[in-house]
Protein chains: 2
Amino acid sequence: MIAKYRFGHPFPTDAVVQELPLSAGAPACFTVTEEEDGTHFRYALDKEDCVFGLGEQARGINKRGWIYENYNADDPNINEARQSLYGSHNFLLIAGEKPFGVFFDSADRVLFDIGYTDPDELVVVAKNVDVYLVEGESALAVVHAFRTLIGQSYIPPKWAFGYGQSRWGYMDEGDIRAVFEGFRDNDLPLDAIYMDIDYMLDYKDFSVHPARFPDLGKLASDLKAEGVYLVPIIDAAVKVQEGYSVYEEGLANGYFCTDSEGIPYVVAVWPGESMLPDVLNPAARLWFGSQYKALLDQGIEGFWNDMNEPAIFYSKGRLAAAIDYVVSVKGQNLDTHAFNKVSYAINSLHNSPEDYAALHHNVEGKRVCHAEVHNLYGYNMTRGAAEYFAEYAPDRRYLLFSRASYIGAHRYGGIWTGDNSSWWSHLRHNIAQMPGMDMCGFLFAGADIGGHCYNTTEDLLLRWLAFGVFTPLMRNHTTNGSRDQEPYRFKDIAAFRSILSARYALLPYLYSEYVKCALRGEMLFKPLCFEYPEDRRARTVEDQLFVGGSLMIAPVCDQNAAGRYVYLPARMKLVRMKNGRPCSTKVLEKGDYYIPVALDEIVFFVREGTVVPLAKPAKNASSVDFTRLHWLKFIAAPTAYELALDDGFTKSGIEKGLTAVTVEP
Amino acid sequence: MIAKYRFGHPFPTDAVVQELPLSAGAPACFTVTEEEDGTHFRYALDKEDCVFGLGEQARGINKRGWIYENYNADDPNINEARQSLYGSHNFLLIAGEKPFGVFFDSADRVLFDIGYTDPDELVVVAKNVDVYLVEGESALAVVHAFRTLIGQSYIPPKWAFGYGQSRWGYMDEGDIRAVFEGFRDNDLPLDAIYMDIDYMLDYKDFSVHPARFPDLGKLASDLKAEGVYLVPIIDAAVKVQEGYSVYEEGLANGYFCTDSEGIPYVVAVWPGESMLPDVLNPAARLWFGSQYKALLDQGIEGFWNDMNEPAIFYSKGRLAAAIDYVVSVKGQNLDTHAFNKVSYAINSLHNSPEDYAALHHNVEGKRVCHAEVHNLYGYNMTRGAAEYFAEYAPDRRYLLFSRASYIGAHRYGGIWTGDNSSWWSHLRHNIAQMPGMDMCGFLFAGADIGGHCYNTTEDLLLRWLAFGVFTPLMRNHTTNGSRDQEPYRFKDIAAFRSILSARYALLPYLYSEYVKCALRGEMLFKPLCFEYPEDRRARTVEDQLFVGGSLMIAPVCDQNAAGRYVYLPARMKLVRMKNGRPCSTKVLEKGDYYIPVALDEIVFFVREGTVVPLAKPAKNASSVDFTRLHWLKFIAAPTAYELALDDGFTKSGIEKGLTAVTVEP
């Protein structure tokens with residue numbers, strides 16, 4: 001049961017796929033007031049209520065106790081003080097006496113004070129918003145109803161469920177081939193190598209550096225022959241450069257964002273002065289999407305869309321003003337206050353609200369201020385690509401994921417959680433982010449494993465990979481200048497081999513569960529209390545998750561830890577895997593345990609009454625044999641399991657590929 | 001057994017108080033090589049070895065798996081990537097088959113690669129260093145030997161063990177009195193109110209703003225009559241201003257740091273252009289210490305020394321060069337690279353290595369480059385104050401603690417851990433820092449409870465205070481512009497009252513344990529494995545500590561947690577306290593437990609064979625009656641306990657005050 005209420009004049013987001021009639025008034029559970037900064041929705045929280053949702057946001061699974069502002073932010077300094085991250089996913093699930101969900105569908109910023117100002121009150125502040133109140137008998141039922149409202153989640157090709165290696169700093173074809181060889185020579189599985197901005201010529205979208213990558217098509221096909229896919233990055237902004245066709249076409253057709261007068265607005269990002277494709281204009285969106293053809297034609301089948309909050313290093317106008325300010329103080333005896341103004345002049349250029357307010361879109365001939373529709377930018381960049389892919393090869397699945405997002409984008413691609421850091425706390429945060437993203441439809445998701453900013457350590461990378469074995473996107477990525485982060489760069493390569501092998505052994509399970517969750521609007525990663533709502537202990541567990549229908553995981557998230565505590569909300573079977581093979585199992589009763597976990601081990605827990613299909617580890621996803629399976633079982637009677645046996649790359653094959661098999665005890 | 005080795009020509013640090021003969025060669029357990037960047041000391045780590053020490057450094061109790069560089073740093077952005085914090089404490093304890101300690105006594109930077117580059121190797125890189133190899137039968141014996149080497153830790157007056165309230169932003173006498181009234185009216189105990197930089201006139205050291213604080217002496221005495229002490233901040237740098245006596249005296253006597261030619265070097269900090277007292281010159285150090293008289297004479301009995309890494313916002317010369325650079329690019333079409341150079345020109349002014357290299361000290365008539373003796377600055381600023389206090393009132397104890405430090409400073413004052421953040425991860429870090437600081441002599445230590453940067457939450461502040469109940473310095477402090485952080489600003493004031501009361505109930509125990517640890521060179525905060533070295537599980541516990549001889553604590557460090565797991569390495573008695581009174585006890589056998597802990601509860605564990613004296617909670621430390629005690633007991637036979645029954649403010653009374661009492665079962 002979903003009711004829809006409207007406040008103000010919401011800009012259409014296309015987040016939902018169901019047309020619902022508008023209900024009169026306001027949702028009864030909220031006290032609604034109109035105030036200067038927007039409509040306030042107040043809800044009295046019971047001491048026992050948990051509040052879930054908000055997608056990839058900061059802090060824990062239970063969002064209670066902090067204040068969040070959903071407004072897509074390009075800022076890699078992710079920490080507990082942050083209120084906005086890369087994506088805005090305005091869905092809350094209030095799990096109290098009777099759970100319910102609420103979706104604040106607004107293209108503008110939305111504030112969520114979840115017991116921060118007053119521990120016993122939830123306050124949401126939004127402007128021009130459609131509010132969807134979602135009821136259901138349980139948390140899972142509420143999520144299912146919401147996911148039905150927003151439409152089916154994206155399903156990538158099967159190879160995208162393999163392990164991917166990335167870094168900013170693979171400079172040329174030689175570097176890419178060396179990575180492939182590093183994996184091959186060390187007997188490490190691999191499905192994808194990612195290409196960061198260095199592959200482009202002068203950071204121009206859809207260009208390829210002719211000296212560094214003289215024949216991208218041949219490189220792509222050579223690697224594909226080995227089962228490895230190349231995945232280039234695409235940035236939002238288009239370099240201002242005469243003779244550059246993307247720039248010239250966009251400019252000629254009025255496809256770039258403008259100022260309030262309609263003059264194209266110059267911002268600077270990696271290529272220096274650039275313009276932003278006006279992806280809120282459907283014609284411009286599809287035009288930008290059609291540019292991917294340049295790479296598709298060379299055999300590229302996967303893309304990551306970046307810098308699409310959109311990131312702005314500075315705008316031409318504001319930089320000139322900042323420099324003028326510095327010039328004006330030359331020769332003065334600056335006190336601290338005056339010095340701080342100099343610093344501020346330079347440091348406030350980045351992603352400035354003034355630039356977002358100055359930028360405009362052309363929507364059906366009307367100029368729309370970017371600041372008010374900011375959260376839709378990355379979504380529509382990804383949508384444009386996906387819409388074009390559907391023209392280019394209608395039945396083919398492509399890998400596509402984005403940094404910035406809004407609900408709705410989950411139908412077109414996945415997301416990664418942006419520029420995190422090589423910190424144990426970010427592994428912990430990654431765990432907490434997964435169920436929130438699932439609730440909001442972003443099933444295909446993952447973090448930069450090992451951490452993007454700063455330097456990783458061997459043990460952090462191993463532990464993070466041990467969690468990443470379970471995330472649909474399993475990509476190791478790091479920043480330019482950081483420590484080498486490919487598994488074969490470390491001392492204990494055998495430990496990495498052991499961990500990565502588990503991904504491939506579990507692929508029949510992970511892929512099948514993913515496909516079923518996407519088709520049926522279910523969560524892949526579930527907090528313990530979603531399955532055990534009456535269990536008060538389960539409500540406080542922030543570092544364990546159910547993955548699909550059969551497994552619970554409890555990743556180790558502390559340096560120098562030899563294991564961790566695990567809470568079992570029910571009887572389960574502990575499984576230890578090494579080298580992609582189960583090496584021991586043990587039935588444990590409901591309760592608390594300290595479980596030792598070695599750096600080269602994968603430990604998980606199989607739920608009673610379920611089975612888990614395991615394949616023989618393979619060197620890539622395409623080589624995994626989904627038909628010769630070993631079944632991990634914790635059953636007393638014959639049990640059905642539905643395998644996804646599709647071809648892995650067509651859209652039409654997905655549903656047909658679902659195959660029920662019966663497993664004997 | 002301590003052996004001393006010398007490499008190069010170490011600058012005298014006065015860190016140790018024992019004259020030891022130099023041993024020839026190098027310590028046998030290290031492979032020592034001379035390389036371009038200094039002397040390398042390599043040690044092969046066994047898989048089971050733990051490495052402790054490094055004082056307040058980043059990461060966990062076991063420092064293994066990261067790379068640290070001890071070089072005092074003014075940078076509030078504390079996270080897992082950090083290698084240098086505010087203090088440099090170059091002592092390591094390698095706890096393997098046979099534990100040993102090693103102290104790298106160098107005024108210059110020292111690098112500690114503790115299994116970061118190679119998980120199985122410790123590499124220390126130092127220049128001009130005395131290396132002390134410390135042997136002992138156990139970790140505790142090694143620490144005791146090292147603490148004997150470096151001399152007795154500072155003991156503050158008893159009131160300094162009470163709760164202190166601080167914030168940057170108490171602007172005037174009215175604000176200070178309002179804080180006092182806030183505590184009094186809400187029946188919350190209080191011993192100190194801290195004054196941040198706003199009390200000064202134009203941020204001039206030892207000045208008092210005449211309009212904001214028209215009669216500081218009266219304010220101090222009014223509050224002292226209520227048992228509350230005022231504790232002003234003192235910054236390192238002295239404002240350049242004609243007519244300002246501290247500046248003029250310093251300049252006339254050559255007491256400021258200079259450039260390499262002997263010209264006073266102008267840096268800028270809060271007051272704008274300033275000069276740094278040359279605290280490495282004994283005459284200048286004592287002169288700067290004698291300036292505290294201005295405040296001592298007004299009844300001030302406590303100080304916190306800040307900005308003494310030393311912090312430098314910019315130097316006059318480098319700022320001019322940076323502005324010139326920005327001026328030079330005016331009108332140019334900047335690409336990203338050129339823009340980054342503009343940002344860097346401004347943002348690299350702060351605490352620049354170039355300024356540290358340009359600054360010079362005058363040591364016995366020789367100019368010494370600051371960069372090479374950087375870590376001694378804060379130490380000697382604090383030493384100067386302490387040396388002057390000993391002149392001013394030889395037998396009186398004053399509260400004194402510092403942000404920057406080096407081993408040796410522990411004899412003169414305490415430290416706080418600098419500008420942390422209102423993050424749960426920083427509460428966790430605070431726990432991990434305590435034993436490291438203890439090993440290095442800094443017994444009087446604590447963090448900014450509730451967090452300095454950003455906004456706290458009610459639950460974080462309560463949980464952090466529940467840990468802070470056990471830290472010798474228990475101060476709630478936050479930054480300018482952050483959310484109000486006084487306990488009475490929150491909803492559940494009763495919960496804060498309950499937590500703060502426990503501090504005062506436990507004061508006879510905490511003060512007595514502190515005094516004994518200081519006098520006897522023992523640790524107040526001990527990792528579990530220091531007491532249970534054979535217990536492999538105990539080695540991995542990073543969030544529980546022994547506090548003194550009788551207690552173990554296990555603070556709750558997660559938002560929305562209703563309790564936590566606790567490992568008991570032996571049979572202990574669980575005690576729950578509310579409102580400063582024990583409300584339940586339960587004997588638990590060795591093992592693992594999930595322990596619920598409410599926000600208003602203090603939970604700890606009494607070791608078998610020990611007792612804990614409890615007083616009646618009081619409104620301040622002076623009002624706590626150390627003679628009418630309730631004993632928490634976990635004993636089967638009469639047990640002796642030594643109470644510190646000194647007057648709380650004289651030095652000579654401390655040892656005489658130690659009084660053994662026998663407690664019956």
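Biologist: How many residues does the contact take from chain A and from chain B?

Modeller: This is a predicted model, in which local features need pLDDT of at least 70 and side-chain atom pairs count only at pLDDT 80 or more, while totals for chains, interfaces and linings use all residues. Residues are numbered from 1 along each chain as its sequence is written, chains are lettered from A and ligands numbered from 1 in the order in which they are written, and side-chain values use heavy atoms, with hydrogens and water left out. Contact means heavy atoms within 4.5 Å. On that basis the contact takes 59 residues from chain A and 59 residues from chain B.

Biologist: What confidence does the predictor give to the complex, and what is the mean pLDDT of chain A?

Modeller: For the complex, the predictor gives an ipTM of 0.97 and a pTM of 0.98. Per residue, confidence is expressed as pLDDT, from 0 to 100. In chain A, 100% of the residues reach 70 or more, and the mean pLDDT is 97.

Biologist: How are chain A and chain B related, and which C-alpha of chain A is nearest the axis?

Modeller: Copies are superposed by least squares on the C-alpha atoms of residues with pLDDT of at least 70 in both. A rotation of 180 degrees, with 0.0 Å of shift along its axis, superposes chain A on chain B with an RMSD of 0.0 Å. The two copies are therefore related as by a two-fold rotation axis. In chain A the C-alpha nearest this axis lies 2.7 Å from it and is that of Val327(A).

Biologist: What area is buried between the chains, and which residues of chain A lose the most area?

Modeller: Buried area is the accessible area (1.4 Å probe) that two parts lose on being put together, summed over both. Between chain A and chain B about 5,100 Å² is buried, of which carbon and sulfur atoms give 54%. Together accounting for 13% of what the chain A side buries, the residues that lose the most area to chain B are Phe339(A), Asn560(A) and Tyr565(A).

Biologist: How many salt bridges are counted between chain A and chain B, and which residue of chain B meets Lys330(A)?

Modeller: A salt bridge is a side-chain nitrogen of Lys or Arg within 4 Å of a carboxyl oxygen of Asp or Glu. The count between chain A and chain B is 6. In one salt bridge, at 2.5 Å from N to O, the side chain of Lys330(A) meets that of Asp324(B).

Biologist: How many residues apart in sequence are the parts that Asp484(A) and Arg167(A) tie together?

Modeller: Asp484(A) and Arg167(A) form a salt bridge, their closest N and O atoms being 3.9 Å apart. Asp484(A) lies in the loop between strand 27 (474-476) and helix 14 (493-505) of chain A, and Arg167(A) in the loop between strand 12 (163-165) and helix 2 (173-185), so the pair ties together parts that are 317 residues apart in sequence. Helices (H or I, at least four residues) and strands (E, at least two) are DSSP runs, numbered from the N terminus.

Biologist: Which residue stands opposite Leu92(A)?

Modeller: Strand 7 (residues 91-95) and strand 8 (residues 100-105) of chain A run antiparallel and are joined by 4 bridges. The residue in strand 8 of chain A that stands opposite Leu92(A) is Val102(A).

Biologist: Where is the cis peptide bond at Pro310(A) located?

Modeller: The peptide bond from Glu309(A) to Pro310(A) is cis, with omega near 0 degrees. Pro310(A) lies in the loop between strand 18 (302-306) and strand 19 (314-315) of chain A.

Terms used. Pairing = 2+ DSSP bridges.
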